[in-house]
Amino acid sequence: MASPAASLSRIRAPVQRAIAKASSLGASRTYATVPTNAPEPPPGKPTRRPTYFKDTTIASLDDFIPTSSAAASASTLPPADAYQLRTAEVGPASNRRTITRLPSWLKTPIPAGNDNYKKIKSDLRGLGLHTVCEEARCPNISECWGGSNKNAATATIMLMGDTCTRGCRFCSVNTNRKPGPLDPHEPEHTAEALARWGLGYVVLTSVDRDDLADGGARHWAETISKIKAKKPSLLVEALTGDFLGDLDMVRLVAESGLDVYAHNVETVEALTPYVRDRRATFRQSLRVLEHAKKARPGLITKTSLMLGLGEQEHEVVAALEELRKVDVDVVTFGQYMRPTKRHLQVEKYVTPEEFEMWRQRALGMGFLYVASGPLVRSSYKAGEAFIENVLKKRAGERAGVEDRLGKAVAMEETVKTDGA
C-alpha cells in the first residue's frame with residue numbers, strides 16, 4: 001500500500017509543472033479582448049465603448065422631425081387614414097394577441113391635478129362623499145375637476161355610497177346584493193360641499209339600491225331639499241335610477257325641488273337585455289321619464305345613449321322617436337368605453353362626424369338640447385351651461401308673467417274702486 005507522503009507528492013506534481021512552465025514563458029500577460037491594431041483615441045476626448053449593433057429597419061430621428069412647414073403638411077394624414085383603427089400585436093411569441101389602439105379623438109390628458117382638482121378631491125374625501133367621476137372612471141375627470149376657475153370646475157356627486165345592487169355589463173361601479181346602510185349625514189355633507197364650491201349648476205347621481213323599500217327615493221328628496229335650503233339659487237340636476245318602476249317614488253323625487261330630472265336609457269331597446277341589468281328595461285325607463293314630466297309639468301327631462309355597442313341606425317332612430325313621445329327635452333350621445341376585461345367589448349369606435357350627424361338628427365326631431373361627442377357623458381358639463389340658461393330664462397319669463405298678472409289685477413281693482 002502506498003504511503004500518504006507518496007500520494008500527496010503525486011497530487012502536487014501537476015501543479016508544480018504548471019508553475020514552472022509559466023515562469024519559463026516570462027512575466028508578460030495579455031487579454032484576448034484587446035485588439036492588436038486598435039486606433040489611438042484623440043488626445044483630450046473621452047473614450048467610448050464601441051458598439052457593433054446595426055438595425056437598418058429603424059429610421060433616423062431626423063425622419064420624424066419635419067424641417068419645414070411644407071414637410072409637416074406633407075406628412076399629415078388625411079382624415080380617412082387618421083380615423084382608421086390601428087391594431088398592435090402584444091405578448092410573448094407563444095401567446096400573441098391583437099389589441100385595438102384607441103383613436104386619437106378618444107385620448108385625454110392624465111389628470112395631473114391643478115388647484116381646483118386638488119380642492120374638489122380634498123373636500124370629497126374630507127366629507128366622505130363619492131363621485132361617479134371616479135367610480136365610473138370617466139375620461140373627462142381632468143377637464144371637469146380642473147376647470148380654469150372654481151365656478152367652471154364641477155363634479156358629479158354619487159349618493160348612497162359606492163356600491164350598487166345591480167350588475168350592468170358596461171359599468172365599473174362596485175356591485176353587492178346587500179350594500180352597507182345609508183349614511184344619515186350624507187344629505188347635509190353634500191349640501192355643505194356644494195355650498196363651499198360656489199357652483200351655479202350641479203349634477204347628483206346615485207347607485208341603485210334595490211335592497212331598500214323606497215329604492216333610496218326619500219334619501220334623494222332629503223338631499224335636494226337641504227341643498228336648496230343652503231343655496232336656493234343653485235340649479236340641481238338629479239340623475240336617478242328607475243326605483244324598480246315605482247312611479248310614486250319617481251314623483252317624490254320630481255317634486256323635491258330639483259330643476260332637471262335625468263334618467264338614462266343607456267342603449268337601444270334591442271340591446272337593453274344584454275347591456276343593462278335584467279331588472280332594468282327600456283320601457284320601464286320611458287315610464288320613469290314620462291311620469292317625472294307629468295308630476296311636474298315644465299320640468300326638464302334628460303337621458304343618455306351610448307354608441308359603439310353594436311346598435312343599428314334604425315334602432316337609434318326608433319329610440320329617439322320613443323323618447324320624444326314621452327316629451328324628453330335633452331339627450332346626450334357618447335362613445336361606450338370598456339372599463340375592464342370583464343365588461344362588454346367595444347363593437348365600434350364612432351367617429352366625430354357620426355356624432356355630429358346624430359346631434360343634427362336629434363335636434364331636427366325636436367329635442368331642446370343635444371350633446372353629442374366621443375367623450376360626452378350623461379353628466380358631462382357640455383350641456384349644463386345651455387340648460388342653466390334655459391332654466392334662468394324660464395324663471396325670468398315666469399317672473400314676468402307674474403308681474404304682468406299683478407299689474408292686471410291691480411288695474412282691475414282700481415277700475416272697480418273708481419266705478420264704485
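Guide: Start with one residue in this predicted model. Met-160 sits in the loop that links β4 (156–159) to β5 (163–164).

Visitor: Is Met-160 buried or exposed?

Guide: Buried means under 20% relative accessible area. Met-160 has 3% relative accessibility, so it counts as buried.

Visitor: Which residues does Met-160 touch, leaving out those up to four places away in sequence?

Guide: The list is Leu-182, Glu-186, Ser-206, Val-207, Arg-209, Gly-215, Gly-216, His-219 and Trp-220. As for Pro-179, it is 19 residues from Met-160 along the chain, with 9.5 Å between their C-alpha atoms.

Visitor: Now the whole chain. How much of it is buried?

Guide: Of 420 residues, 39% are buried. The chain holds 14 helices and 12 strands. Take contacts between residues at least 6 apart in sequence: 72% of them join residues at least 24 apart.

Visitor: And the helix pair: at what angle do α9 and α11 cross?

Guide: Roughly 50°, with the axes of α9 (residues 247–254) and α11 (residues 282–295) coming within 9 Å. That angle makes α9 oblique to α11. Their crossing is right-handed.

Visitor: Which residues make the contact?

Guide: From α9, Leu-247, Val-250, Arg-251 and Ala-254. From α11, Arg-287, Val-288, His-291, Ala-292 and Ala-295. By class, this contact has 6 nonpolar, 1 polar and 2 charged residues.

How values were computed. Residues are numbered from 1 along each chain as its sequence is written. This is a predicted model: local features need pLDDT of at least 70, side-chain atom pairs count only at pLDDT 80 or more; totals for chains, interfaces and linings use all residues. Side-chain values use heavy atoms; hydrogens and water are left out. Axes are lines fitted to C-alpha atoms, for helices over the stretch in contact, and angles run from 0 to 180 degrees between N-to-C directions. Helices (H or I, at least four residues) and strands (E, at least two) are DSSP runs, numbered from the N terminus. Angles under 35 degrees count as roughly parallel, over 145 as roughly antiparallel, 65 to 115 as roughly perpendicular and the rest as oblique. A crossing is left-handed if the near helix is turned anticlockwise from the far one by less than a right angle, and right-handed if clockwise. Contact means heavy atoms within 4.5 Å. Ala, Val, Leu, Ile, Met, Phe, Trp, Tyr, Cys and Pro count as nonpolar, Asp, Glu, Lys and Arg as charged, and the others, Gly among them, as polar. Buried means under 20% relative accessible area, exposed over 50%, partly exposed in between (1.4 Å probe, protein chains only).
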